[in-house]
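Please find my comments on this model below.

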Amino acid sequence: MSRILILAISVIAVIMPGAVLALGLGQIDLKSGLNQPFRAEIPLTSASSDELAGLKVRLASAETFERYGLLQAGFLTRFDFRVSGNSVQITSTEPVVEPFVTMLIEVEWAQGRLLREYTVLLDPPVFEAPVAAPARPAPAAPSQPSPRPIQRPAPEAAPAPAQPA
């Protein structure tokens, strides 16, 4: 019985490294916003130089989208998928006006095929406000002497009434 267990473990140990080192797609890194041409990058994980040489990346077919219960937006067909180094660059020439983009990406190479769904939220682009100049203190009002009370001339004394003699 122990011989069978050792044999099984040996077979699994031989098979596992191949499975661990299989080509994969990482998390998408979105580099654009709403109403801008689409730009994103997806890293390729565990990709050997042989796999990269024959790698084909594209949007999955409309039938594949339907099979997985996804709606293929028309603008997705105008996206360009290009392998660059150890990543996939996804770009478009036209601005994307939909805030949610769901795409099913198909990767094919000599040893296999991979499908992966990505959904991204396109936020409106953030424009930085121009840097304001440091606030200058308001000019001080010229100092004026404190107001003096108005002096009016004293009223003239009225002549005293005459007394009877």
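1. The structure holds seven salt bridges, a salt bridge being a side-chain nitrogen of Lys or Arg within 4 Å of a carboxyl oxygen of Asp or Glu. The model is predicted: local features need pLDDT of at least 70, side-chain atom pairs count only at pLDDT 80 or more, and totals for chains, interfaces and linings use all residues. Residues are numbered from 1 along each chain as its sequence is written, and side-chain values use heavy atoms, with hydrogens and water left out.

2. Arg58, Glu106, Glu108 and Arg113 are linked in a network of salt bridges. Glu106 counts as buried because its relative accessibility is 7%. Arg113, at 47%, is partly exposed, and so is Glu108, at 26%.

3. A further salt bridge joins Glu94 to Arg78, with 3.3 Å between the closest N and O atoms. This pair links distant parts of the chain: Glu94 lies in strand S6 and Arg78 in the loop between helix H3 (62-67) and S5, 16 residues apart. Glu94 is partly exposed at 41% relative accessibility, and Arg78 is partly exposed at 46%.

4. A polar atom of its side chain lies 2.8 Å from the backbone nitrogen of Phe38, and a polar atom of the Ser92 side chain lies 2.9 Å from the backbone oxygen of Glu94. Leaving aside neighbours within four places in sequence, Ser92 is in contact (heavy atoms within 4.5 Å) with Pro37, Phe38, Arg78 and Phe79.

5. Strand S6 (residues 87-96) runs antiparallel to strand S5 (residues 80-84), and five bridges join them. Two strands count as paired if DSSP finds at least two bridges between them. Asp80 has Thr91 in S6 as its bridge partner. The hairpin of S5 and S6 has two residues between the strands, and Gly85 takes a positive phi near 65 degrees there.

6. An open sheet of three strands has the order S4-S7-S8, with antiparallel pairing. Its edge strands, each pairing on one side only, are S4 (56-59) and S8 (112-121). Neighbouring strands of this sheet are turned by 25 degrees against each other on average, direction ignored; the axes are lines fitted to C-alpha atoms, and angles run from 0 to 180 degrees between N-to-C directions. Ten bridges join S7 (residues 100-109) to S8, and Met103 has Tyr118 in S8 as its bridge partner.

7. Overall, the protein has three helices and eight strands, where helices (H or I, at least four residues) and strands (E, at least two) are DSSP runs numbered from the N terminus. From the N terminus on, the elements run α-β-β-β-α-β-α-β-β-β-β. Of the 165 residues, 24% count as buried. Among contacts between residues at least 6 apart in sequence, 58% join residues at least 24 apart. The accessible surface (Shrake-Rupley method, 1.4 Å probe) comes to about 12,700 Å², of which 59% belongs to carbon and sulfur atoms.

Methods
A polar contact is a pair of N or O atoms within 3.5 Å; within protein, one must be able to donate a hydrogen and the other to accept it, and residues adjacent in sequence count only if both atoms are side-chain atoms. Buried means under 20% relative accessible area, exposed over 50%, partly exposed in between (1.4 Å probe, protein chains only).
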